[in-house]
Amino acid sequence: MAFNERGMNASQVTPKGAVEFLIRFYRQGVDPNNNRYNLWVLCQGVKLFCAKLKMQLYTMNLRKMNSRPIGVSSKSALKLFGNSTRSGWGFLMQGLRGIFFSFSVRTGIARLNSFFNRDKLIILCFHSISQKDEHRFWPGVFISKEKVTQLLDYLQSSHFNVISLQDAERYLNGEAQFKYPVVITFDDGWRSSVTDLLPMFLAHSFPVTIYVTTYYCDHEIPVVNVLVQYWLWLKPTGGFDVAFDGTTHRFSGDRSSIVKTIELFLKGLVDEQKNEFLLALADSLGVSDEAIKSKRFHNATYEELAKAMLSPLVDIQLHTHTHQLPTDNKSIKKEIQTNRDRMLETLSPSNPLVHFCYPSGIWSPEHLPELESIGIKTATTLDEGINAKTEHPLKLKRNLVMDNRTLDHFVVTISGVLDALRRLTGKASTR
Ligand SMILES: [Zn+2]
């Protein structure tokens, strides 16, 4: 006797349905004189349930992969994108990690560990806030308002002390003393981070350093690669035509190659043409141009940054001009000097521009002498962990705050429990 005789197959049932079916079938089909037959029925039911569950995990995994933005290769930078290629096994591990985080917090292990790490410097990395659904598109960059509120309430009521980056520099130099010091940084200078995320931190009187990439402050266009990826996340497609400037342009391939081709195509155009092209692209993909009009994917303007800097709690620092750090000395200098010059010309910051953040967290030991030679005092990476006072100031560890991580995960991270685990498992950074 096969299950299909009862009109069911693996593609039609949900896991819940499979269980109900199994119970019903077992009750009806059980043979009190034939335990081998009963066992066989049970095994078939479990097999059916597992097949369906596997299918669901596979579908979820595909959805996750679809939501993964492109454009980085470094291991540390991949953290930006979350665990986007998680398999069924990965989901199980995620569940186990959740239990571990909760256990560490509830039993006081995290608090005790934090006490032992009270002299270590914690640096947090935020990017921007989600206005609509960006936190589902890219949880490593866009964080929901609910999550920020949760984290800020925790920081406010906890034993941690939020200090400025300038105080952190003095702390690392042995010129100031703090217990449980935490520094808050925003990367890139996204418009929403300045207009919506920053006021939430200032309401708690928390100082914030914004590492600004100036190219998109100079050009009032959306951050093209992120906006196009967002649209392709909304409307996945392998190819489409865009009618622009009297010609039909064909773009096809996977998401990565489409985005790269579009970026290349836009290189020769002025801002007005780029905006026109993006509107035509939205039309072609059948997505709303609201993402452009609302400026959800724009950087802040210099005026918006200047307004934010009226607060003494707000500090702006260096993040390269075009969000890349080449390895040859001349290009490193050019990227950082242009970034610095543009901010000095337009914003007249009160703090010296001597703190730097590696774009996408990608750094190499070759960068350090060059950064030193141009007067950089601290540089932050995306290598996860908390910093001992002996840490090299140009490779400071920093913890990316992600929308898809729980508050327990956050607490365990900043308490240094994960650092202890990395040391135990030999996975601590040795670069
Ligand atoms: Zn960045």
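I call a residue buried if 20 or more other C-beta atoms lie within 10 Å of its own, exposed if 12 or fewer, and partly exposed in between, with C-beta atoms placed from the backbone. This is a predicted model, so I note that local features need pLDDT of at least 70 and side-chain atom pairs count only at pLDDT 80 or more, while totals for chains, interfaces and linings use all residues. Residues are numbered from 1 along each chain as its sequence is written.

**Entry 1: the whole chain.** Of the 431 residues in the protein chain, 37% are buried. I find 19 helices and 12 strands; these are DSSP runs numbered from the N terminus, helices being H or I with at least four residues and strands E with at least two. Among contacts with a separation of 6 or more, 67% join residues 24 or more positions apart.

**Entry 2: strand 6.** Is strand 6 enclosed or open? Five of the five residues of strand 6 (residues 208-212) are buried, so the rest of the structure largely encloses it. Side chains in a regular strand alternate between the two faces of the sheet. Here Val-208, Ile-210 and Val-212 are buried on one side, and Thr-209 and Tyr-211 are buried on the other.

**Entry 3: its partners.** I count strands as paired if DSSP finds at least two bridges between them. Strand 5 (residues 181-188) pairs with strand 6 in the parallel sense over four bridges, and Phe-186 stands opposite Ile-210. Strand 9 (residues 314-318) also runs parallel to strand 6, over five bridges, with Leu-318 opposite Val-212.

**Entry 4: two helices.** Helix 11 (residues 224-234) packs against helix 12 (residues 255-266) at an angle of about 140 degrees, with the axes 10 Å apart. The axes are lines fitted to C-alpha atoms over the stretch in contact, and angles run from 0 to 180 degrees between N-to-C directions. On the helix 11 side, the contact includes Val-228 and Leu-232; on the helix 12 side, Ile-258 and Ile-262 are among the residues involved.

**Entry 5: a lysine.** Lys-334 sits in helix 16 (residues 329-347). Why did I log Lys-334 as partly exposed? Because Lys-334 has 15 other C-beta atoms within 10 Å. His-321 is 13 residues away in sequence, and its C-alpha is 8.6 Å from that of Lys-334.

Conventions. Two residues are in contact if their C-beta atoms, placed from the backbone, lie within 7 Å.
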